[in-house]
Amino acid sequence: MQQTSDAAVAIPAVANPPAQKPAAARPLYITMHPDDNVAIVANDGGLPAGTRFDCGLVLAEAVPQGHKVALTDFAEGDPVVRYNVVIGHAARALPRGSWVNERVLRMPEPPGLENLPICTRVPPPAPPLEGYTFEGYRNADGSVGTRNILAITTTVQCVSGVVDYAVRRIKAELLPKYPNVDDVVGLEHGYGCGVAIDAKDAAIPIRTIRNIALNPNFGGEVMVVSLGCEKLQPARLASAGTIPIQREGELDVVCLQDEQHVGFESMIDSIMASAERHLQRLNARQRETCPASDLVVGVQCGGSDAFSGVTANPAVGFAADLLVRAGATVMFSEVTEVRDGIDQLTARAATPEVAQALIREMAWYDNYLQKGEVDRSANTTPGNKKGGLSNIVEKAMGSIVKSGTGAIHGVSGPGERVTQKGLIYAATPAGDFVCGTLQLAAGINLHIFTTGRGTPYGLAEVPVIKVATRRDLARRWHDLMDIDAGRIATGEATIEQVGWELFHKMLDVASGRKSWAEHYKLHNSLVLFNPAPVT
Ligand code: CA
């Protein structure tokens, strides 16, 4: 990706520019590639009709911030090119200077999954990046936590109220005795009963619950609260030996329907007694210096706008390249937001097997969407469009850049645990909470989230670092956004500078410094991806 910007001093073609426009605001548009025939307006508040840029371009109509302006005359049907990719075709003739939005664009067909380029553009490994460390909690299985959290796994939604009550009691009565433990979290979800548990695709929610219990931040201390009669029996969670057998050969389960429980307090007493045993062991964990290669970073975007692909996502991509050079694991996800760029990904795959796995995940998702009689165009939101993203093709091109420029080393299915180093494609839906939940299962110990429209997203289980795509958002949400990538659009910082800033922020937050979402304890719910039938 190449970023070129074309800034010019305002030569107002209107006699009296709107009063709310600061005199210092210079018309600025940004193109992503020399062959692009549209650019996006960078100025806060957009630009009025008649605005003239230094190159002579005059806006034929008002264009909001982040929205596209035609750099050339389009005839009906002409390709509209951004990121050097055809993001659509003109639905009617559009003179130079027109506002190019979703109403005047026809979306192209997605690339087929046949005859894709396989490993044709595998970037050579970049030089190793050595000497960067963070202070983390090393676990018996070799993984490293960035937080020290007691997590209570649940097998069914029925127990959520009880677990929530128990968590409040544990926080008030037990946690003060164990100062090395950061938090207690009930892993509550909507699954467990009323579901077709033997359906093929039920493997996805089941392995997600199992693998979240094994997230590095929980120190291998797995405790489960079960109801008793639910379809998702605890033994099923422990199957395949993936949950370590901890105590006398048994998974540590409190079953509410167990005959030993007489009255609600008895259930709470059992949960608290179990919690205390785990808290004692967690409290003995100590932070130690770990190489940056122990980071497992999940990246995703939400509330995206046209700047996502210009500022925040390229900066995240730069940081992703740094992480891979440092030997860490970086995973990017969100199937519908990479589907239109699958040819770029298969070309970057490190091996033909990785390319085939990418195609497999895209095909599975195409089929999943078809069953619902929709396609990937169901992804874009009203906010995306208001932010200048006309369709999923444009959104995808801006989303993929979060993955950086390196070879793709591995692919995992939804909810699978990732143990491989390097750049991994972890297939998930793009919905923020679903993606975050599945990346937790994949084993992330840090989560990077970019946003243009603004979202207060946060997770209880791992720290979330949020990156704003625009200065205006970073200014208004100054105590919610951790990094301001909007400075890239205004020319105050480069992608490289913001990328390094994010890299250092990751090491700080991994070592215990709180991100804003963590400071306020802004916690979104776990949302499982269940493509299987509900009964
Ligand atoms: Ca998302």
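Which residue is the bridge partner of tyrosine 137 in β10? In β10, tyrosine 137 has glycine 145 as its bridge partner. The model is a predicted one, in which local features need pLDDT of at least 70 and side-chain atom pairs count only at pLDDT 80 or more, while totals for chains, interfaces and linings use all residues. Residues are numbered from 1 along each chain as its sequence is written, and side-chain values use heavy atoms, with hydrogens and water left out.

Strands here are DSSP runs of E with at least two residues, helices are runs of H or I with at least four, and both are numbered from the N terminus. Two strands pair if DSSP finds at least two bridges between them. β9 and β10 are part of an open sheet of three strands, ordered β10-β9-β15, with antiparallel pairing. Its edges are β10 (144-145) and β15 (288-291), each of which pairs on one side only.

A second open sheet has four strands in the order β12-β11-β13-β14, and here the pairing is parallel. β12 (183-187) and β14 (252-255) are at the edges with a single partner strand each, so one side of each has no neighbour in the sheet. From one strand to the next, the twist averages 25°. Strand β11 (residues 149-154) runs parallel to β12 and is joined to it by five bridges. Leucine 150 is opposite valine 184 in β12.

Two helices pack on this four-stranded sheet. Helix α1 (residues 160-174) touches β11, β12 and β13 (223-226), and its direction makes about 175° with that of β12. Helix α4 (residues 264-283) touches β11, β13 and β14, at about 160° to the direction of β14. Contact means heavy atoms within 4.5 Å. Axes are lines fitted to C-alpha atoms, for helices over the stretch in contact, and angles run from 0 to 180 degrees between N-to-C directions.

α1 and α4 also pack against each other, at an angle of about 55° and with their axes 10 Å apart. That angle makes α1 oblique to α4; angles under 35 degrees count as roughly parallel, over 145 as roughly antiparallel, 65 to 115 as roughly perpendicular and the rest as oblique. The crossing of α1 and α4 is right-handed, the term for a near helix turned clockwise from the far one by less than a right angle, with anticlockwise giving left-handed. On the α1 side the contact includes Val162, Tyr165 and Arg169, and on the α4 side Phe264, Glu265 and Ile268. By class, the contact of α1 with α4 has eleven nonpolar, no polar and four charged residues. In this scheme Ala, Val, Leu, Ile, Met, Phe, Trp, Tyr, Cys and Pro count as nonpolar, Asp, Glu, Lys and Arg as charged, and the others, Gly among them, as polar.

Helix α5 (residues 308-325) packs with helix α13 (residues 495-510) at an angle of about 60°, their axes 8 Å apart. α5 and α13 are therefore oblique to each other, and their crossing is right-handed. Among the contact residues are Phe318 and Leu322 of α5 and Trp500 and Phe503 of α13. The contact of α5 with α13 divides into 14 nonpolar, one polar and one charged residues.

Another helix pair is α2 (residues 203-213) and α10 (residues 432-442), whose axes come within 7 Å and cross at roughly 60°. The crossing of α2 and α10 is left-handed. Thr208, Asn211 and Ile212 of α2 meet Thr437, Leu438, Leu440 and Ala441 of α10. These contact residues comprise four nonpolar, three polar and no charged.

The calcium ion is coordinated at 2.4 to 2.6 Å by Gln300 (OE1), Cys301 (O), Glu334 (OE), Ala430 (O) and Asp432 (OD). Donors are N, O and S atoms within 2.8 Å of the metal (3.2 Å for Na, K and Ca); water is not among the atoms, so sites may look incomplete. Along the chain, the donors follow the spacing Q-C-x32-E-x95-A-x1-D. Cysteine 301 lies in strand β16 (residues 296-301) and alanine 430 in the loop between β19 (422-426) and α10, so this pair ties together parts 129 residues apart in sequence.
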